[in-house]
Amino acid sequence: MPYLTPPEELGTYFEGEPTYRVDQLREWLYEHPVLKTVDMTNLPIAFRERIAGSLWPFEVEMEQSSDQGTTRKWLFRARDGAAIESVLMGYPKRTTLCISSQAGCALACTFCATGQFGFERHLDAGEIVAQVAYAQAFLRQIGMPGVPDHITNIVFMGMGEPLANYDRVREAIRRMVEVMGISARSITVSTVGIVPGIRRLADEPWPVYLAISMHAADDELRTSLVPINKRYPLAMLEEAAAEYFEKKRRRLSIEWTMMDGVNDTEDQAFKLAAIARRLHAHVNLIALNPTPLTAEKASSESRINEFARILKGEKVNVTIRDTRGQDIDAACGQLRVIAGNSRKSD
Ligand code: SAH
């Protein structure tokens, strides 16, 4: 399958085809992605037909739209049955594509729907890149009302922990930057805090943004919400994040899902402010999106505003994130397959 073959090896996959033909195909796959092979206008019909059934490494099982057509969620199904979800959010001047790096997730953060569903498998580099190519083709050929016709931001905030699937995620980023021509500055890797992964990413040549899903500013609380904190406690995480900042000079962001009475207290706000200041990090607050098995409740708007006020008072940059696609289970932390037809729940 074209997207599952490293772009540089397409020629081996299409042995016998002239080099220029393979180059043309590579351009269609990565530089000007199209939804269907019939749109690959400069390729001979026979060649197009040869790949027609295998262009995408998955089928589009479900496509849902909300927010007046400016949010779209896709449920892709790989041939082996693994589910891959992506969400595209359009704004007047930008588009953000949220992609998955794993089918399911092993890290079991209490409030996250993907974690509640368990781990299925890692996604291949090609499966990660194909999500980007598909959304790019969609924007170009179908589009969203009042939205740019291309992807401006890519965030690894869909299903899975990108740094737990390091080599494939690395290769996916390489293909995006070197083959698709996407700027590394438009890519954000979001992590629950896999310290060795942060260190490795800091040594890669691409200046991608790093988002740390922190959610709690002391180890006791953090371990109760994000179990991997036991292995990589806050002090270690902060050290690795600081190292990333030193090496890349990319502003870090700290993600903080606001949970009523859990991590929205004054005490947490002051502790978070201290960490954020030391890291020169920007804090994103987001109200918890309810998931079927979450015990925690979302903080009220007034609590979130108060929390933000404390951070600002401590000279920390803070944004309260809007939530998109809640009605289609496309919001942060809601991605997981409910269709009940993944291998795991069979
Ligand atoms: N594993 C990576 C990326 C996937 S989660 C990470 O943890 O960063 C993407 C973001 O959504 C993370 O910041 C995560 O903490 C947040 N999130 C998870 N569940 C959520 C929920 N139910 N409501 C709001 N945000 C949630």
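Helices and strands here are DSSP runs, numbered from the N terminus. With that settled, here's a tour of the aromatic rings and pockets in this predicted model.

Let's start with the second largest pocket, which holds about 300 Å³ of space. It has 16 lining residues, and L35, W56, F58, V60 and Y134 are the closest to its centre. Strand β1 and helix α5 each supply at least two residues of that lining, and β1 has the largest share, with four residues. By class, the lining has nine nonpolar, three polar and four charged residues.

Some of those names come back when you look at the aromatic rings. The count comes to 13 aromatic pairs. F58 and F76 make a stacked one, 4.1 Å centre to centre with 25° between the planes. This pair links distant parts of the chain: F58 is in strand β1 (residues 58-66) and F76 is in strand β2 (residues 71-78), 18 residues apart. F58 counts as buried because its relative accessibility is 4%, and F76 counts as buried because its value is 0%.

F76 also pairs with Y134, this time edge-to-face, at 5.2 Å centre to centre and 70° between the planes. Here the link runs from strand β2 to helix α5 (residues 125-141), with the partners 58 residues apart. Y134 has 11% relative accessibility, so it counts as buried too.

**Charges over rings**

| Arginine | Ring | Distance from ring centre |
|---|---|---|
| R250 | Y209 | 5.3 Å |
| R324 | Y91 | 4.2 Å |

**The largest pocket**

Now for the largest pocket, with a volume of about 770 Å³. How many residues line the largest pocket, and which lie nearest its centre? There are 33 of them, with R94, T96, V155, N284 and R321 nearest the centre.

Technical notes: Residues numbered from 1 in each chain as written. Predicted model: local features only at pLDDT ≥ 70, side-chain atom pairs only at ≥ 80, totals over all residues. Heavy atoms only, no water. Phe/Tyr/Trp six-rings, centres within 6.5 Å; stacked < 30°, edge-to-face > 60°. Buried < 20%, exposed > 50% of the residue type's maximum accessible area, 1.4 Å probe, protein only. Lys NZ or Arg CZ within 6 Å of the ring centre and 35° of its normal. 1 Å grid on protein atoms, 1.4 Å probe; cavity = no way out; pocket = protein on both sides within 12 Å on 5 of 7 lines; lining within 4 Å. Points joined across faces, edges and corners; volume = space filled by probe spheres on them. Nonpolar A, V, L, I, M, F, W, Y, C, P; charged D, E, K, R; others polar.
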